Amino acid sequence: MSVEPESSCVMAARALAVPEWLTLYFKRINLAMPSVINAKTLAEIHFAHINAIAYDMLDVFLGITPSFNMDDISTKLIAGRRGGGCTQLNGLLAVVLEALGFKVRRTLSAVYREDSGVRLSTHMVLLVSADNEEWICDAGFGYRGFLYPLRLHHNEQVVQGVHEYRLQRVRALTWNIQYRRGAQWIDMYVLREASYEPHEFVVSQFFNAYSPLSLFKKNLVCAKPSLNGGSYLINAFLVSVQGDKRARRIVRSVYELVDVLDEYFDIELNPADFVALPTDLFDVL
């Protein structure tokens with residue numbers, strides 16, 4: 001049986017039903033608007049989102065109060081050629097997925113710190129239902145963050161390019177996400193299955209940006225993972241990894257910083273935008 005093509009009126013009505021911001025989002029991540037809602041679509045969006053929008057904890061150094069208003073976040077990440085932290089990146093991803101018809105739960109996790117510092121549940125993560133299974137989505141972890149969703153299964157072990165991840169249930173409703181470094185499994189964060197309303201992440205976002213206990217209070221951080229490795233910037237040190245090749249570069253001025261942000265993270269800023277940089281940021285021997 002032949003299927004009649006949609007009339008121009010039907011196509012126009014469908015186009016009008018799509019919010020402008022959603023159309024601009026898919027243009028930003030260089031992905032066609034999906035027509036099917038399943039796990040494959042979820043994976044494609046997750047990968048494209050991370051590939052296009054960097055992890056960016058720059059607001060404090062720009063004299064900007066990080067916003068959790070979705071209109072502000074949409075403007076910043078979609079139109080502004082900026083990235084964001086976990087609450088902004090995953091917050092935007094959540095509303096995109098919900099607009100498409102996915103069932104999304106927003107939850108919190110506690111990130112492990114290599115300096116053995118205090119671990120607080122301030123990292124936003126998404127639990128998304130697709131193809132009758134639940135998937136962990138996290139577009140806001142940074143350099144070692146996974147590029148595709150992880151299926152919420154005990155002992156799930158996944159290779160994504162040069163990266164490898166493992167998921168383990170440690171007790172009821174509590175999961176440990178790990179990253180393989182050489183022969184060792186390194187803990188990334190503890191995830192607790194729960195659901196929170198969007199406004200409940202305002203406190204965690206404020207903590208991450210301003211608390212003296214937060215690593216981001218005094219450290220300028222950007223990151224962008226890729227299947228071949230990725231790049232990350234911590235203060236004046238840029239590290240770029242491509243397979244087994246690792247390059248390290250020292251940023252010597254705010255002008256060089258702006259060039260690095262553009263080249264490695266697709267972030268567009270001007271030197272004059274940095275109104276609150278530490279005076280000794282570039283004092284590196």
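**Why these labels?**

Modeller: The structure holds one cavity of 30 Å³ or more. This is a predicted model, where local features need pLDDT of at least 70 and side-chain atom pairs count only at pLDDT 80 or more, while totals for chains, interfaces and linings use all residues. Residues are numbered from 1 along each chain as its sequence is written, and side-chain values use heavy atoms, with hydrogens and water left out.

Colleague: What makes something a cavity?

Modeller: On a 1 Å grid over the protein atoms alone, it's a set of points where a 1.4 Å probe fits but cannot get out; lining residues have an atom within 4 Å of a point. Points are joined across faces, edges and corners, and the volume is the space filled by probe spheres set on them. The largest cavity comes to about 60 Å³. Of its 14 lining residues, Ile50, Ala139, Phe141, Gly142 and Pro225 are closest to the centre.

Colleague: Why is Asn30 called exposed?

Modeller: Exposed means over 50% relative accessible area, buried under 20%, partly exposed in between (1.4 Å probe, protein chains only). Asn30 has 72% relative accessibility, so Asn30 counts as exposed. Asn30 is in the loop between helix 2 (20-28) and helix 3 (39-52); helices (H or I, at least four residues) and strands (E, at least two) are DSSP runs, numbered from the N terminus. Phi of Asn30 is near 60°, positive although the residue isn't glycine.

Colleague: And why is Asp131 called partly exposed?

Modeller: Asp131 has a relative accessible area of 47%, so it falls in the in-between class. Asp131 sits in the loop between strand 3 (121-130) and strand 4 (133-137), with phi near 55°, again positive in a non-glycine residue.

Colleague: What makes Tyr25 and Phe26 an edge-to-face pair?

Modeller: Rings of Phe, Tyr and Trp (its six-membered ring) pair if their centres lie within 6.5 Å; planes under 30 degrees apart count as stacked, over 60 as edge-to-face and the rest as tilted. Tyr25 and Phe26 have ring centres 5.2 Å apart and planes at 85°, so edge-to-face it is. Both residues are buried. Phe146 and Tyr165 are edge-to-face too, at 5.7 Å centre to centre and 80° between the planes.

Colleague: How do you know that Phe146 and Tyr165 tie together parts apart in sequence?

Modeller: Phe146 lies in the loop between strand 4 and strand 5 (150-151) and Tyr165 in strand 7 (residues 163-171), so the pair links parts 19 residues apart in sequence.

Conventions: 1 Å grid on protein atoms, 1.4 Å probe; cavity = no way out; pocket = protein on both sides within 12 Å on 5 of 7 lines; lining within 4 Å.
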